[in-house]
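Subject: Structure handover and notes

Hello,

Here is the structure I promised to pass on to you.

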Amino acid sequence: MKKLMAALVLGASLMAKPTASQVPCLTPLTLDDVVEILGEYSVLHQELPNVASGILYGMVNYNTKKIYLNTDQDRTEMRDTLLHELYHVKARKNYCGNSEDEVDLLTKKTIGELYIKPQVP
Ligand SMILES: [Zn+2]
C-alpha cells in the first residue's frame with residue numbers, strides 16, 4: 001500500500017519546538033484522543049486536487065481546524081486516511097512536530113491492531 005497522504009502545516013510558527021525529552025512523543029491514539037480531536041476538528045469529505053507527487057488522500061488545516069478526506073478513494077482508504085490525519089492532529093496537539101514517518105508508523109500499527117485479524121490455522 002503505497003500512497004501519498006499529506007498534512008498541510010499552516011501556522012507552523014505557533015508550534016513549540018520539540019525537546020529531547022519529548023522524543024518520541026507521539027503515542028497510539030486512544031478513544032479519548034479521538035473524541036477530543038473530533039470535538040474540535042471538522043471532517044470534510046471532498047475532492048482534493050492532485051499534487052505533483054500523486055494523489056492527495058487527506059490533509060489537515062490546523063488554523064481552521066478541518067480535516068479533509070479525498071472522496072476519490074475507497075472506504076478502507078478513507079478510514080486509513082482519517083486515522084493518519086488524526087495522528088497528525090495528535091502530533092500537533094502534543095507538540096511532536098510533523099514527523100510523517102512517525103505518523104505513518106503509528107497509523108499502520110493501529111490499522112494492524114484494529115482491522116487485520118490474525119489467521120486461525
Ligand atoms: Zn501525513
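A word on angles before anything else: axes are lines fitted to C-alpha atoms, for helices over the stretch in contact, and angles run from 0 to 180 degrees between N-to-C directions. Helices (H or I, at least four residues) and strands (E, at least two) are DSSP runs, numbered from the N terminus.

Please keep in mind that this is a predicted model: local features need pLDDT of at least 70, side-chain atom pairs count only at pLDDT 80 or more, and totals for chains, interfaces and linings use all residues. Residues are numbered from 1 along each chain as its sequence is written.

Now the overall picture. The chain has three helices and three strands, and along the sequence they follow the pattern α-β-β-β-α-α.

The three strands make an open sheet in the order 1-3-2, with mixed pairing (two strands pair if DSSP finds at least two bridges between them). Strand 1 (42–46) and strand 2 are at the edges with a single partner strand each, so one side of each has no neighbour in the sheet. On average, neighbouring strands are turned by 20° against each other, direction ignored. Strand 1 and strand 3 are paired in the parallel sense over five bridges, and Val43 has Ile67 in strand 3 as its bridge partner. Helix 2 packs on this sheet and touches strand 1, strand 2 and strand 3, its direction making about 30° with that of strand 2. Contact here has a simple cut-off: the C-beta atoms of two residues, placed from the backbone, lie within 7 Å.

Strand 2 (residues 58–61) and strand 3 (residues 66–70) run antiparallel and are joined by four bridges. Asn61 is opposite Lys66 of strand 3. The hairpin of these two strands has four residues between them, and Lys65 takes a positive phi near 55° there.

How do helix 1 and helix 2 meet? The axes of helix 1 (residues 31–40) and helix 2 (residues 75–93) come within 10 Å and cross at roughly 85°. The two helices are therefore roughly perpendicular to each other (angles under 35 degrees count as roughly parallel, over 145 as roughly antiparallel, 65 to 115 as roughly perpendicular and the rest as oblique). Helix 1 contributes Asp33, Val34 and Ile37 to the contact, and helix 2 contributes Leu86, Val89 and Lys90.

On burial, 25% of the 121 residues of the chain count as buried. A residue is buried if 20 or more other C-beta atoms lie within 10 Å of its own, exposed if 12 or fewer, and partly exposed in between, with C-beta atoms placed from the backbone. The largest nonpolar core has 18 residues, and Leu26, Val60, Leu86, Tyr87 and Ala91 have the most contacts inside it. Such a core is a set of buried Ala, Val, Leu, Ile, Met, Phe, Trp, Tyr and Cys residues joined through C-beta atoms within 7 Å. Helix 2 gives the largest share of this core, five residues.

Finally, two residues to look at. Leu82 lies in helix 2 and touches Val43 and Leu69, leaving aside residues up to four places away in sequence. Leu82 is partly exposed because 19 other C-beta atoms lie within 10 Å. Asn98 sits in the loop between helix 2 and helix 3 (100–115), and its C-alpha is 6.9 Å from that of His88, ten residues apart in sequence.

Best wishes
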